[in-house]
Each structure stands twice: as structure tokens, then as C-alpha cells.
Amino acid sequence: MSTSPAAPGDHAGRLGGERSGPSLPDLMAGATFVAFGLAFAIGGSQYDVGTALRMGSGYVPIALGGLLTFLGLVIVVASFRGVDPTVANADRGPIPWQRMGLLVGAIMFFGFTVGGLGLGPSLLVTTFLAALAGHGTRPGRAAVIAIGLTALCLGVFVFALQLRLPILGDWLGG
Amino acid sequence: MPRRMRTPVTSLAVLAVLSLAACGGGDADPAAFPEEDITFVVPFSAGGPTDTVTRLIAEPMSEELGQQIIVQNVEGAGGTVAAGQVAGEDGDGYQVLMHHIGMSTAPALYPDLEYSPLEDFKTIGLVTDVPMTIVARDDFEPETLEDLVTYVGDNADTVTLANAGIGAASQLCGLLFEEAVGVDLTEVPYDGTGPALTDLVGGQVDFMCDQTTNTTGQILSGDIKGYAVTTPEPVEALPDLPTTADAGLPELEVGVWHGLYVPADTPDEIVEKLTAALQVALTDQNVIDQMADLGTTPVTEDEATPDAHTAKLEEQIDLWTPIIEDAGVSGE
Amino acid sequence: MDGILLGLEVALQPSNILICLLGVTLGTAVGVLPGIGPTATVALLLPITFSFDPVASLIMLAGIYYGAQYGGSTTAILLNLPGESSAVVTALDGHQMAKQGRAGPALATAALGSFFAGTVATVLVALFAPPLASAALKFGPADYFSIVVLGLLASIALASGSAVKALAMIVLGLLLGTIGQDGFTGVPRFTFGVREMYGGLDFVSLAVGLFGLAEIIRNLEHRINPSLVTKKVEGLWLTKEDFRRIRMPVLRGTTMGSLLGVLPGGGHVLASFTSYSLEKRISKNPEQFGRGAIEGVAAPESANNAAAQTSFIPLLTLGLPAHPVMALLVGAFIIQGIQPGPDVIETEPELFWGLIASFWIGNLLLVMLNLPLIGLWVRMLSVPYSVLFPAIIAFASIGCYSLGLNSWDVFAVAAAGLLGYFLIRWGCEAAPLLLGFVLGPLLEENLRRAMIISRGDPSVFVTRPISATLLALALIIVVAALLPSVRQKREVVFSGEDD
């Protein structure tokens, strides 16, 4: 496993010490499964359930959604009994909210604009945002990384692989 | 990683057979068309029958037009994603849609379609009409189409009819069969023709209807049993199979017809150029030979015209809409 | 044997060797790009092959396919970015090895395991293709359902943590697999009216998000810019000990992959992870799996390559494509004026045997090409992480977008990355989810199909001998997992290995 030091006092595995209260990761994992299970089961009940002979579109999602909800509840209950050793031992720092936001924003920006702006401009912004997420990467360096990567990607995908992706999109009158 | 890509990428670039894509060009002069690469959008996966037909005609059309033709596969939702994409393009002739019978069934299958097959496109011409075959597992009891009709009538509860999924040609042909015979059978859908034929060869399902492009090899080898072809004329590659009309089921006439489309605002001058190139391509000996191997033929020159194509499209929309609605099949 | 000799004669023509080499090189070069899996690679490069004669073009395509698979494994090992389902399993231990400075041995193991498996499977294809194909046809929908159930239960072993969480991740994967248009009724499920979603979530988007993006976010948790490799690079080649450790896993992986690959209904997807699960189950040190066990690279890579080879059997003997890449090959056959089908062996012996021989030659070239490249790949890891991760983001975004020109595939990367990051942080591993996702449609379709064919009688699952055997095996796995003694041992194993 990684040997980088974890931030002191922020051990992801526990909430408020060794024995007081539920294991937070287990509780959250269980709750996530319950949420997904219910969402699929309820969403699935909009569709025809059908019969065992001709199962409708809702049959399998409802059954699996129910199963996932059950498993999620089992995990929630278990979380009150102690910490899952595999999680508690994990060496984790705090959640990097800002950097995560930059990365997700970079990818979403690409999805929204690649059609309109075209590959070149869209990628330039995406790589710039992504590069900013690096530790100690200042805007100047991020811009250099962005320009280099954009040139490289255009070379690989547009020139070498001949993908039919316009370099400049309609929004820019290309 | 990127830095290490140099050598292989260079060789790729050297090898690349297609020239660089240029973008846009909405205000070009129709008389000068074509001045750059043309894209043929295929709504199904590379390697499928529609893709194959497109690539076959793209080569001679490209020679005739003096520009590269790039085939792009845009899959999804029975071809409606590709059609929707081309409908929204500039009418400059550089984005051409190849679509098959699914163009006429989409309005019934997808009630909230964002485009209209008739109003949002201009037709270039028909390309080919691929015959379909009615085939069964090799130990299925009926020996002829007549036997089959009687047999499914008597055993409607137990006979299974396979198809390649919602909106697939095989499903449409199956629906038409059920309507012609007047039975309601148990349909077993598959995700594509390959898996459906696999289970037919393996004897897991009883019979199905599919294009000659998919079934000719297995019929000739005896792995499956062929009853009839669904066209007015017999198919050269399958001399032993009667037509449905000769075998006593004239109502069952269906082919997977293919045609080319451009957005509705395309100037007529460009449409004429594309039609002319299509007509030349359809007389190319290589195209004729390869289509014959697929069990089909190019359409005649009269049919490779916008008028014949539009007439076919209108007729087919009228035919399929009630059948699909009666069967309660819906993509929405 | 005459056939093989004829095949070698065809495939060993200098021009064909060259073409095979070209295919392998191109396939590898494109396959290593993050976000571009083997199917996409073959689809992208397919048009290039149209300009050659039939034998040459198919040899080139086969080369591209193997090259793409190997390139995909390389990306999985180095960057934790699997491009297809089999590479997910390779990434589990392969990437851990890379982090520990053992990327060289991991890549070498993948190459050697693949080569061995490819050689054995080629002989199998040459000798037993027709009988294997007809045996595989005995598998009906009920049998596929049962084998998928067995595979899913076995895949709990992919996770090194809690079995309940692994099961929940599988079920979540199955549910995500139901998104898209229902092939039985045409109803679009969970698509929120977006027609681009009718085809369902894209596997590559999900894999890139859950593995690649989640891992990047995780690496950014620490204040210091991490280098990908945490320990000194120890050497590029396998040690004697490594060779001893991979011998049996390679053999078992090859056997399992060869058998599963023949099944036309998707057996090849099961190959890599069932062999991984098997190795973990019989290993004396199961706790090493997921933490850089070389067996965890050797077995699935061998199984995958063997399955890739034998999955040509249904195509060559029956003309039936077993998966999307095969369907592309059928298209290539047709473009070349060859009707793929049972007659190909008789009507086109040069093509049939030439293709089979070139499978083997392709594998050989792949090893020769890639072993010297290992040093190069490993050095790639020394690119500063602050440059490497934006590059991954860029390549992955373009890769996911380019195949369908569909922005939703890009959004799916971001969503999957967030989901993966949090779930992994909470002790749930991503691999079982991806497997559930891949197998979900197979499970549901075959269940529904089997019930339609049996006219609603669920007893088919136990009256058909194949299905009954598979379900009995599944039951044994469940019982074994639930036996208290086994469970206790499992807990001891996991709590007893703090760093």
C-alpha cells in the first residue's frame, strides 16, 4: 500500500474514536446501497412487471433493487457492531473537495462543449482545469501543461487516428 | 504515456488512408459540390449488413464525385440517433445518411421522435432491397412453408419465433408473418442477429425470419432449414428456396430496403449530383458481384431516384405504422 | 495436421508476416490509449484493412485485435485504466505491482502468459474446432443464466474486503446494467427521456470513471504530489521465484479460458475473472491477492488470451460471431466477398488455416514487440504525476466521446468517478460492480428468454443437466462462503495483516 503519511487526526475509518458510535464508512456505504436499491426498485415499479412467463421491464430492476436495499440494510446494521478492518486500516487523507471539483468540472466541461466549441478549445480548458488540480501547480504551469496536452491529443486523435472531430466547432463559426 | 507514442503513431499516420477532416463549410456554392470529404453516416455498427452495403457503394461513389467518402457509425435507438443527428446538420451535402427499412418504422416505434422522416430529409435514391428468408432449426418438423403455416396454426402455444430485437428487420418480418398467417406466437427477442442465429442453429428456438446477408451461409451448409424468400423474385444464391408468393403466402412480401438521405434544406443541385453518383455506383461490376454474394442486388436505375425513394418511404410508413401499433411494440 | 502446415505456409509468407506485425503494432499503439478498448480499436482501424486482399486483411485484423488486447492490459497495469472487462481483473493486482515498482515483471507476465495461452489455444482451435463448436451449441438460455449466476458468485472473491459489500457492489452493477432500452419490450429504462442513453451506459466510461478517475482523486488526497510508484523500480524481468509462482496459474488460466471462450453467448467475459477467483480460492496466500500478487496477473491474462483465441471457433465453424469484435470481423469477411459460415474450412482452406496460423504468429510477434518495450513503458511512470493525470483525463475524455460522439458517455465518466471514489473510500471495491455491469444484461436476458421458452416453468434451470450442474457448483460456493469455519479464517486473514 501507499506509504504517504495520512493527515493527522483525520482517519477516515473512524468517527469519534475507537468504540463510540457506528463505523462511518460502513454506515455511508450501506446508506448509499439503500438509496440506489430504493431508487431502482421505485423507478422500476413504473414499468410493467409482467408475469414469470413474460417478464416485463420492471421485473428484474424491482427484484434486484429490493435485494440491494436489503444488503445495504445489513451493512448499516453491521456498522454499529464495529469497524470493517479493511477500511479502518486504509491510509487515507481528507477528501480533496476542491481538486475533485476541478477534475469533475473539467470532464463535464468537455462533455458540454466538445460539440459546440470543437475539440481544440474545449480540450484546452479541460486540461487547464484538470492540471490546476495538481498539488502546487500554478496557473502558469497549468497553462503550459494544457497547451502541450492539447497539441498532443490533436496530433494523436485528429491527425493520426483520423477521428472525425472538428478542431473548431459551430459556436466559433468554424 | 504520450511521449512514448511517437513511433507507432508516425507509422499510423503514414498508413492512414483517409485525408484530414475539414470542418463546416455551410455557405459553399452548390455548383462546386463536392469540394471536401463527404461523410456517410451509418446508424448501425461497423461490420453489420447496412455498414457493409454502405462501404460497398461508397468506393465507386467516391471515385465518381472525386472526393473521399468517410463512413461513420453512429449507433443507438434503432437508428434514430443517427437520423436525428443528420437531420440537424447543414444541408450542404457533406453529411449523408444511409438508413434502411427502420426509417419507415421509427415514427411508430418512437412516438416522440424529434424529426420527421418525410419532412426533415430529402431522398437521394434507393440502394438495394435485401431479401429475407424464413428459416428454422434443422430438426423442426415442418418441411415446407405450407407445412409451417399449418403447424404454427396447430401449435401456436408452443412454437417459438426468434428475432434480433426491437425494430430489427427480423422482428418486423416476424410480425408480418404472424399477421399473414393470423396467429399470435411466442416471440423470443435477442440482442442482434448473431445470438439469435446461434440459438436457432443450437435448436433452442424454432424459427425466425432474417436477411439473406445473415442466413445464406447456414442455409447452404444445412445447419438451418430454409423455407422461402420474401421477395417477388427468387434469390440467385439460394436456388432451392421458393418465393413466399409461390409457396402460398403472397401477403408476406418484405425486404430490407436501403436508401440515402440528406437534410431537407439541401439544394436540389447537390441532390442531383449525389443521385447521379449513386446510379453509377450501382452499375459497378464489383458492387454487383459483392451484393450477389450477400444474396441481394442493386436496385434498378428507376428506383435509385428521389421520386421512387420517397414513394417507397411513404408506402412503407403506411404499411408498418398499423402493424406495429397493433402488436403493441413501442420504443417509448 | 496438413491444415496447420498449409496455414503456416500462408502465414509465413514475408508479406503476411509484415502485415501481421503492422496489425499488432497498430493495435498495441491504439489499444494503450486510455479510454479506447479493443472493440473501439478494431472499429477505428477496420477501414485500413479493406485495401488488402482477403487473407492479408483478416490476418491484419487478427493482429490488431491481439495487439489491442495487449495494449489494453498495459494501460490497466500502468495507469489502472481497464479498457474492457477482462482488463479490469488484470488491473487489480497488475496496478498494485506497478505501484510497488514491479511494473516490469507484471507486463512481462502478461506478455508471457498471453503467449503461452495463445499457443495452446491455437492448437486447440486447429485440432478441435468443429467438435468444440457443436458442444458449445448445447448451451441454451437457461444454461447461460446459470453460468452467469455461478460467475457472479465466484466474483465475490475479486474483492479483498467484506463479502457482503462485494455482493452489494455486484447487485449495484447488475442494476446499472439494466439502464437503457429493454430489448424485450422496447421500453427505455432509467433513461430520463435521453435517447442517447437508450444503448445503456458505456462500459469504457464506467471503467475509466470507477478505476481511473477515482484513483486520481484518491491520489490527490495527500498533500504531497504523489509519484505513481511508491517503491524503487526493482527490475524489469521476472525472478526465478516469479517464474515458479506463475507456472500453474498460467496453465489453469489457459485451460479455463479455452473452455469458456468457445461459448458463443458471452463465455469469454467470464474467463478472466473466474480464473482469478479460482487462483485466489486455491492459493495458500489469498490475502496477497489485490495487493500485487503476480498470480493475479498471470491467470486472468492467460485465460483472457486463450478465450480470445477460442472465441473464434463459433465464427470460423458456424459463421456466428460471439462478441462485437467478431461481428466486426464478419463484416470484414463480407466486404472481402467471403460468406463466413461452416463452409469456410472447405471453400477457403488457405484463409481458414492461414488465419489460425497467424493467430499464433501474431502472439509471437506480440511478445517480441512488447518485451523490449517494457522498459519504455515502465519509464513512462516517471512522468511527473502533475502532468500524467491531466493527460489521463484528456485521453479518457476524448476516447469515451469519440466512439459514439455522445456527450453522455463523457458525463458518465465524471459520475462514475465520484461514485467510485466514495464507495472505495467506504471500503467497497469497484471490480465486482463492473463485473455485475457486464454480466447484468446477460443474466436478465437469458433469464427472461429461458422463461419464455419454457413457457413460464422455472424448473428448466434444474432439469437441464448443464444448468443443474452449474447451479450445484454455485450452491457449493455459497455454502463454502457461509460455513462458519471458513468465515472465521477469512476474518483472521484480513485483520491480521496490518502494515
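Student: Is the crossing of helix 2 of chain C and helix 16 of chain C left-handed or right-handed?

Tutor: Right-handed. Keep in mind that this is a predicted model.

Student: OK, and at what angle do helix 2 and helix 16 of chain C pack?

Tutor: About 55°, and their axes are 9 Å apart. Helix 2 of chain C covers residues 14–31, and helix 16 of chain C covers residues 349–380.

Student: Now helix 8 and helix 19 of chain C. How far apart are their axes?

Tutor: 6 Å, with a packing angle of about 45°. Helix 8 of chain C spans residues 163–176, and helix 19 of chain C spans residues 431–453. That angle makes helix 8 and helix 19 of chain C oblique to each other, and their crossing is right-handed.

Student: What's in the contact there?

Tutor: Helix 8 of chain C contributes residues including Ala166(C), Met169(C) and Gly173(C). Among those from helix 19 of chain C are Pro432(C), Gly436(C), Phe437(C) and Gly440(C). The class count for helix 8 with helix 19 of chain C is 11 nonpolar, 3 polar and no charged residues.

Student: And helix 9 with helix 17 of chain C, what angle do they pack at?

Tutor: About 165°, with the axes 11 Å apart. The angle makes helix 9 of chain C roughly antiparallel to helix 17 of chain C. Helix 9 of chain C passes helix 17 of chain C in a left-handed crossing.

Student: Which residues meet there?

Tutor: On the helix 9 side of chain C, they include Val204(C), Val208(C), Glu215(C) and Ile216(C). On the helix 17 side of chain C, you'll find Tyr385(C), Phe389(C) and Cys400(C) among them. By class, the contact of helix 9 with helix 17 of chain C has 10 nonpolar, 2 polar and 1 charged residues.

Student: Switching topic: how much area is buried between chain C and chain A?

Tutor: About 6800 Å², and carbon and sulfur atoms give 76% of that. The contact takes 76 residues from chain C and 75 residues from chain A. In chain C, Ile398(C), Arg425(C) and Trp426(C) lose the most area to chain A, together 10% of what that side buries.

Student: How many salt bridges are there between chain C and chain A?

Tutor: The count is 1. The side chains of Lys165(C) and Asp26(A) meet in a salt bridge, at 2.6 Å from N to O.

Student: And how many over all chains?

Tutor: 18. One of the pairs is Lys225(B) with Glu143(B), 3.5 Å from N to O.

Student: Where do Lys225(B) and Glu143(B) sit?

Tutor: Lys225(B) is in strand 8 of chain B, and Glu143(B) is in the loop between strand 4 and helix 5 of chain B. The two are 82 residues apart, and the pair links distant parts of the chain.

Definitions and conventions: Residues numbered from 1 in each chain as written. Chains lettered and ligands numbered in written order. Predicted model: local features only at pLDDT ≥ 70, side-chain atom pairs only at ≥ 80, totals over all residues. Heavy atoms only, no water. Axes fitted to C-alpha atoms, helices over the stretch in contact; angles between N-to-C directions. Helix = DSSP H or I, 4+ residues; strand = E, 2+ residues; numbered from the N terminus. Parallel < 35°, antiparallel > 145°, perpendicular 65-115°, else oblique. Left-handed = near helix turned anticlockwise from the far one by under 90°. Contact = heavy atoms within 4.5 Å. Nonpolar A, V, L, I, M, F, W, Y, C, P; charged D, E, K, R; others polar. Buried area = accessible area lost by both parts, 1.4 Å probe. Salt bridge = Lys/Arg side-chain N within 4 Å of Asp/Glu carboxyl O.
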